[in-house]
Amino acid sequence: MSSGGLELPPGDSGHEGGPADAPSAGVVTGAVSLAPKAADSAPAGAELDWGAEAWSEVRTRAQRAGRAYIWLNLIEQRLRSVVGAVLRPIYEPVHGGDDWVVAAAGPAGQEWVQRAVAVREVSRRKGYLLDSADDNVLSFLTLPQLRELMVQHWPCFEPYFDDRREIELALDELEVTRNVVSRNRALSRPVLEQAERASARLLEVLGGGAGSPSADRLPIDAVEDLVGDRYADVISVHPDRVRLQRQLPAEDLFGGARRLDAIGIGLNLLVQNFSGRRLVRLTEAGCRVRLLFLNPASSAVKRRERELGLRKGELSRSVEMNILHVRRVRAGLRDPSRFEIHVFDETPRFTAYLVEGQSSGIAVVQSYLRRARGMESPVLVLRGGGRGVPKDADHGLFTTYREEFESVWEDSRPVS
């Protein structure tokens, strides 16, 4: 009889089948065996190993979450700075110390601001405050709480920011990403890209950016700011030119250039994707253009045709057509001296487009592969000099390809 007055099922040999079901010797009557059956060859327990596919998945998740975290961290620190700069002079003279944050939160924010105070005290006791600059209540407010302070006191922020709705919409978009990253869940690429766009826009509105991102062909992002020096001045790599042009269209690459130097066999990225009228307007606006084609009559063109399996003369005619096109562009200029066209007779080793603007430069570089045309070859995008993260000129590839271009240019011949 159990303590609850219920009778336990009997464990004798006569229960549920009698002697025929009697357990074998050495096994406790009524016990459940955890040993695997003899016919079961698989080991007991859960499968804990990860295969290559699982490892690939978690690395992808970690990379996306890490990139999103950098943006969220920048936004939170920038918003914390803005809130402190605007509200501290209003509340601190009256309430003093960290009590100004409690006063600014008001009755509506009393719960979350008291939670921030408690977390700060725990961090103090456990030695989690490694920087004395973080020993304040404001540093323990989260992004939604900082937003709430800004919304509650919008009349105080209005003189500094024109569009409250734009700020709130950007923060709404970031809240989805923040929720996913804080709980270590999967972050899809579209959501990550949306968060990056919202963060860049928000930093611009809050005055945290150096100029307008729309004015740059490829604006420096938060990740490049932090880890760009690990990869010299390489800022992106694409398996082929098609994927490059999805991220960096020809108009964004060449538009607004002040100096354009290009070397290659036929320079199709420029000639076939950037119209002659745009080239005329670009040059008339002050851009200096130097184009360096492989001589269509050289033996190097014939070797390249054999490598690619093209019919005899097919590649040379294509190069000739491109040269004729840019000659017509040059003929339509008021000052043709700003638009130079040369040919070289050496073995082509790479194609490069070196584009420099008023404040920064960018280069698109492809090596020639034996069996792949330019559209199919891997692409490196390089950051030139200018504003942003300073690069070591001794280790940058932009400078290397610039020097190589100048060397070939000196040995080339002008096209009349």
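These legends describe close-up views of a predicted model. Residues are numbered from 1 along each chain as its sequence is written, and side-chain values use heavy atoms, with hydrogens and water left out. Local features need pLDDT of at least 70 and side-chain atom pairs count only at pLDDT 80 or more, whereas totals for chains, interfaces and linings use all residues.

**View A. Helices α1 and α7 pack against each other.** Helices (H or I, at least four residues) and strands (E, at least two) are DSSP runs, numbered from the N terminus. Helix α1 covers residues 52-95. Its axis lies 10 Å from that of α7, at an angle of about 25 degrees. Axes are lines fitted to C-alpha atoms, for helices over the stretch in contact, and angles run from 0 to 180 degrees between N-to-C directions. The two helices are therefore roughly parallel (under 35 degrees; over 145 is roughly antiparallel, 65 to 115 roughly perpendicular, the rest oblique). From α1, the contact (heavy atoms within 4.5 Å) includes R64, R67, A68 and W71. From α7, the contributors include R189, L192, E196 and S199.

**View B. E196 sits in helix α7, residues 189-205.** E196 is buried, at a relative accessible area of 16%. Buried means under 20% relative accessible area, exposed over 50%, partly exposed in between (1.4 Å probe, protein chains only). Leaving out residues up to four places away in sequence, E196 touches R67 and W71.

**View C. W154 belongs to helix α5, residues 154-157.** W154 is buried, with 9% relative accessibility. Not counting residues up to four places away in sequence, its contacts are F161, D163, R164 and I167. W154 and R164 are 10 residues apart in sequence; their C-alpha atoms are 8.0 Å apart in space.

**View D. Helix α15 (residues 397-410) has buried and exposed residues.** F398, Y401, R402, F405, V408 and W409 are buried. Down the axis of α15, the buried residues fall within an arc of 130 degrees, so they line one face. The arc is that of the directions from the helix axis to the C-beta atoms. E403 and E410 are exposed on the other side of α15.

View E. Buried residues of α14 include L315, V319, I323 and V326. Their cover includes α12 (276-284), β3 (288-294) and β4 (339-344).
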